[in-house]
Amino acid sequence: MISKARKVADYKQLTKELPTLRYVDPERVYINLQSDRCQTYTLDVKENDRVQLGQIIGERDGGFFKQPIYATVSGTVEGTTKKTHPSGIEVECVIIRNDYKDEYHSTITDRPENVIENMTKAEMVDVIRQTATVGLGGSGFPSYIKLDTDKKIHTVVINAVECEPYLSSDYRLIKDSPEEIFRGLKYIMQAVDAKKGVIAVKKTKTELIEVLERELTRFENLNIEIAKLADYYPQGWENETFKNALGIKIPPGTLPMEYGVLGFNVSTTSAIYEALKHNLPITKRHLTVNGDAINFPQNIRVRVGTCVKDLIKLSDGYSEDAKDIDFVIGGPMMVTSLDTDDVIVTPTTTSVLVFKSQDFHEEPCVRCGSCVYSCPVEIQPVNIMNAIKRNDKKALENLEVNKCIECGLCAYVCTSKIHLTDYMRKGKKLLG
Ligand code: SF4
Ligand code: SF4
């Protein structure tokens, strides 16, 4: 979790101006067989088997969905090992030694545009399911379930707001590959028969708006708009984006599809493009490596399964004065920190943030009310914390802890440096 005491300064600016480094050749990748959503799995390969890039090597079981597991390099299976998942849990991983040949599996083939244009919704949903495409903004929710809605969808929103500090990988992805984003949006609109598409971006990102508006001229036959939104946190929270881009207020806890709207983040849109255009599962992703404890912050396009240790080396290592280090894998406002770099990159890893450790001692609550005033879903973090301390489930229900979107603002503003977001997570768990 980021603290306001840490100097965010120009880190975001710094990485977004640099070209994206393509790092496609780690010696080994570690493909997670389990995740925070999927505990059980089947593995279809064994030690010394040769695998190709994009080959199915097993299947994760998430209870209400199953998810193929893909090789993200071509090479040889070396066995299995435990690694840390970005969520902080230890997961079983299959190790593949890269042969640097990038031999694609025969299922990875291009689909001409006229073939895609004639695909039915069911066919498109099936490709998205088969390629294990999930929400890459961090949710990891299977995209095929979202696309398979039976609700009437009038608008698809691509969320390019990227409002968390330090992160700029979506910015770079749009700058580097705007056509992919527009085509991805076009395919999603076709799949759900939406008449309108909106790309939501902060109005302060003028360069990005120029790129989007230029690209828009090539898609003038589609009803696509660029929505330019104010620059504040949490503008990128889906409901906030919908409210400001479409004028539709969706109550927390209600699915946007109930209001005829579907939202996808930039990386997910790119993955949907890759899946439908090339039948390609998520084998690579853009992420930001940033923070005050590494020498060279940058955006990198990496193989899924790359070890964070390798990315640190690639970023010129740790800065000399960094003694104890905190790793934040994902958005700094929303996740807790880890104390190891033996973490794997998964499809949902938006960033690797590396900070010099700072000691924050929690003080007793001074009842300043800052957490209550800042909460975007209008709940009362301080009272929820007190209810948790009393183990009062009835009060937790009445205080609507489940509305919390874990944006991290209450902890950020807390005068007493209390880890309020952790309390919110605990509260939700208590209610089950
Ligand atoms: S993390 Fe805190 S500020 Fe954000 S929604 Fe939850 S309670 Fe509100
Ligand atoms: S911001 Fe912190 S100190 Fe202020 S009321 Fe909330 S919990 Fe208490």
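Two strands are counted as paired if DSSP finds at least two bridges between them. In this predicted model, four strands form an open sheet in the order β2-β8-β7-β4, with antiparallel pairing. Its edge strands are β2 and β4 (50–51), each of which pairs on one side only. Within the sheet, strand β7 (residues 75–84) is joined to strand β8 (residues 90–98) by nine bridges in the antiparallel sense. Gly 79 is found opposite Ile 95 in β8.

Another open sheet consists of three strands in the order β3-β5-β6, and its pairing is antiparallel. Because β3 and β6 (66–70) stand at the edges with a single partner strand each, one side of each has no neighbour in the sheet. Direction ignored, neighbouring strands of this sheet are turned by 25° against each other on average. Four bridges link β3 with strand β5 (residues 56–61) in the antiparallel sense, and Leu 43 has Gly 58 of β5 opposite.

## Ser 35 in the loop between β2 and β3

Ser 35 is located in the loop that lies between β2 (28–32) and β3 (40–43). Is this residue buried or exposed? A residue counts as buried if 20 or more other C-beta atoms lie within 10 Å of its own. Ser 35 has 21 other C-beta atoms within 10 Å and is therefore buried.

Leaving aside residues up to four places away in sequence, Ser 35 touches Arg 60, His 85, Val 91, Gly 140 and Thr 346. The C-alpha atoms of Ser 35 and Pro 86 are separated by 9.0 Å, while the two residues are 51 residues apart along the chain.

## The covered strand β9

Strand β9 (residues 155–159) is mostly covered, with five of its five residues buried. Both of its faces are covered: Thr 155, Val 157 and Asn 159 are buried on one side, and Val 156 and Ile 158 are buried on the other.

Which strands are joined to β9 by five bridges? One is strand β10 (residues 196–202), which runs parallel to β9; Val 157 has Val 198 of β10 as its bridge partner. Another is strand β12 (residues 261–265), also running parallel to β9 and joined to β9 by five bridges.

## The crossing of α6 and α9

Two packed helices are described by the angle between their axes and the distance between the axes. The axes of helix α6 (residues 178–192) and helix α9 (residues 266–278) come within 8 Å and cross at roughly 75°. Angles of 65 to 115 degrees count as roughly perpendicular, and α6 and α9 are therefore roughly perpendicular to each other.

On the α6 side, the contact is made by Glu 180, Ile 181, Arg 183, Gly 184, Leu 185, Tyr 187 and Ile 188. On the α9 side, Val 266, Thr 269, Ser 270, Ile 272, Tyr 273, Leu 276 and Lys 277 take part. Eight residues of this contact are nonpolar, three are polar and three are charged.

## Ligand 2 and helix α12

Ligand 2 is surrounded by 14 residues, the closest being Cys 365, Cys 368, Cys 371, Val 382 and Cys 414. At least two residues of the shell are supplied by each of α11 (370–374) and α12 (381–389). Nine residues of the shell around ligand 2 are nonpolar, four are polar and one is charged.

After α12 comes Asn 391, whose phi is positive, near 55°.

Key. Residues are numbered from 1 along each chain as its sequence is written. Chains are lettered from A and ligands numbered from 1 in the order in which they are written. This is a predicted model: local features need pLDDT of at least 70, side-chain atom pairs count only at pLDDT 80 or more; totals for chains, interfaces and linings use all residues. A residue is near a molecule or strand if its C-beta atom, placed from the backbone, lies within 6 Å of it. Ala, Val, Leu, Ile, Met, Phe, Trp, Tyr, Cys and Pro count as nonpolar, Asp, Glu, Lys and Arg as charged, and the others, Gly among them, as polar. Axes are lines fitted to C-alpha atoms, for helices over the stretch in contact, and angles run from 0 to 180 degrees between N-to-C directions. Angles under 35 degrees count as roughly parallel, over 145 as roughly antiparallel, 65 to 115 as roughly perpendicular and the rest as oblique. Two residues are in contact if their C-beta atoms, placed from the backbone, lie within 7 Å. A residue is buried if 20 or more other C-beta atoms lie within 10 Å of its own, exposed if 12 or fewer, and partly exposed in between; C-beta atoms are placed from the backbone.
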